[in-house]
Amino acid sequence: MKEDWTDKLRQRLEGHKAEPPAGLWEGISKQMDLDVKPVRKAAISKRLYWTAAASVLALIGFFIYQNVDESSIDKPLLTEIAKQPVTPQEQAIQTASERKHSNEQPSLAHETRSQEPALTAQAVNSVQTTEKKSMEIPHSEQVEESTTAEDSSPAEPEVGGTTKSLESKTSVIAVTESNDWDIEQYRSHNEQKWSISLNASGGLLAEKSVERMDRFSKSNDLIATQSSSTENSYYLTDPKSDYKEKEHITYTNTTIDAKHHLPIRLGVGVQYKLNDHLALLSGLNYTYLFSEFLHTQTTIVDHSIPHYHNDSYTQKLYYLGIPVGLSWKLWSSSRFSLYVAGQTMLEKCLNDNPWQWSVGASAGAEYGISRQLGLYLQPSFGYYFNDGSTSEHYYKEHPLAPSIEFGLKLHLNP
Amino acid sequence: MVEQLVERIRQKDQRAMTELYQQYVEELSSVCYRYVPQENDAKDVLQNSFVKIFTSIESLEYRGEASFKGWMKKVVANEALCYLKNRKKLLLVEQDAANIQTEFEEEPEPERISPDNLHQLIMELPDGYRTVLNLFVFEGYSHRQIAELLGISEATSASQLFYAKRLLAKKIKDVTRRKG
């Protein structure tokens, strides 16, 4: 076992890159008599990755700001209206709000009718506010209840054209008076169709080392290679042999110890509500798979004492995937909701592996921390189809893999 | 996909060679500079390495990208060693391995500096220190194997590593101190 600092050193320089010497390709090309030039790598620079990440965050921030902005502006304005019944119109509104506590419908009807034009003009601001708010308040039914249903007044038809404005006003005041809100009712009544989520998930199957004995040999553990110090036999067997220009017989036995770490996934999801229960899901996921391999090579050259050589490699695979699926809401209360979801996902490997296709099923629970925001936890099972590559990774080792996803959901106003 | 690239190179597809070159040249350059810090020397080593990679690939059994990349790095490391051995005798300071444990000092803390800085500091080590450190740390050789490879004693290999470690730790500390 080597000292710890050597591991740190190796890990620190894992995948390190340096600028190649000038004129290198020209030299190779000349030596091998090639007549092609290297294609400029269409690499996506780190800067571009950061720009893309910043754009996504900015977009999410913008939506959050839009939502927070509306609610934070509305509330003080509404409170102000409620507290300062200075104009006759507002007095009328206040009267309207008090109407349910007294039986003064005839006078209210009279007053509102006479003030109608002024009320409409004056109420522009508050109506705008109400319109905005109407996205958040279950207006018509709730207002009807507060203004008409409770007082079984015969004067209802007399209020006529102004009823709507008054209803809106009344509902605004009712909201400012009561801090109670029902997320579920609010969401379903106001057709809050779009949601954005930020999520992270990880695999749940324990990491384990998988050892294979010379999987590259046909039938037995020992491969006999006769070589005349060719470059290949040298590099694949004993490094020292390159310095000797003599023929030798090399027996090689390789064991590979593979350790696949738990996958990590980060994503942005969008959800479109088709009806009260069903929603369409999609998004963009970034997945990171990390594996460690230890090759132990036993080499016997010309029947000499066996040489043991260890080589450790690490493999980092990055995927960008687009999931598509449906979710079905099973149950909901004021703050909680339970749902199940099914999805399929196609992932592009950013290294050189082929596309990865998977299907999955999950069950989740969401807790609403505010009108717009919810926290959710979603255990799931995914089946990862063989990508057909030769490289080993977590999903090949565990095609049926459980995972757990958690995140934040932002419900957007229509 | 690398496997397809390898297959195309086996069929003498020159475009595939340029693609492979483009994909790995920076990582292989990093390995090469660790052994051979001078640009002109590194160019010769890398040139020979790529020629060997392209010509040896035909008989190579592809075992996945990680293994393939490891093999290419090994080609570069071996080529660099060949170059160092042919060019001059390595400057090695003989040291009694028995004294090493008593002189133990601080260990390098590579996590405190950037990979670029660390790479640079390794390049700045004297030839002998750097070569043994590379073989021991990055190639995973034992002192016995290093001794055989470089034609030195195991004790010398151990002492070179000890001094390399101590000097690297000091250099890392200097860099972190300078940066405050």
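How many residues of chain B are in contact with residues of chain A? I looked this up first.

**Entry: ground rules.** I am working with a predicted model, where local features need pLDDT of at least 70, side-chain atom pairs count only at pLDDT 80 or more, and totals for chains, interfaces and linings use all residues. Residues are numbered from 1 along each chain as its sequence is written, and chains are lettered from A and ligands numbered from 1 in the order in which they are written.

**Entry: confidence.** I noted pLDDT, the predictor's confidence in each residue, from 0 to 100. Chain B has a mean pLDDT of 86, and 89% of its residues reach 70 or more. I marked residues 95-104 of chain B, where the pLDDT is below 50. Beyond near neighbours in sequence, this stretch has 10 contacts in the model. Where pLDDT is low, the predicted coordinates should not be read in detail.

**Entry: chain B.** I found 8 helices and 0 strands in chain B; helices (H or I, at least four residues) and strands (E, at least two) are DSSP runs, numbered from the N terminus. Of the 180 residues in chain B, 47% are buried, meaning that 20 or more other C-beta atoms, placed from the backbone, lie within 10 Å of the residue's own.

**Entry: the two chains.** My opening count came to 55 residues of chain B in contact with 48 residues of chain A; contact means C-beta atoms, placed from the backbone, within 7 Å. On the chain B side, α2(B) gives the largest share, 13 residues. I sorted that side by class and got 24 nonpolar, 15 polar and 16 charged residues. Ala, Val, Leu, Ile, Met, Phe, Trp, Tyr, Cys and Pro count as nonpolar, Asp, Glu, Lys and Arg as charged, and the others, Gly among them, as polar.

**Entry: one helix pair.** At what angle do α2(A) and α3(B) pack? I read about 50 degrees for helix α2 (residues 24-32) of chain A and α3(B), with axes 9 Å apart. Axes are lines fitted to C-alpha atoms, for helices over the stretch in contact, and angles run from 0 to 180 degrees between N-to-C directions. That makes α2(A) oblique to α3(B); under 35 degrees is roughly parallel, over 145 roughly antiparallel, 65 to 115 roughly perpendicular, and the rest oblique. Among the contacting residues I listed A:L24 and A:I28 of α2(A), and B:F50 and B:F54 of α3(B). By class, this contact has 7 nonpolar, 3 polar and 1 charged residues.

Note on methods: Two residues are in contact if their C-beta atoms, placed from the backbone, lie within 7 Å. A residue is buried if 20 or more other C-beta atoms lie within 10 Å of its own, exposed if 12 or fewer, and partly exposed in between; C-beta atoms are placed from the backbone.
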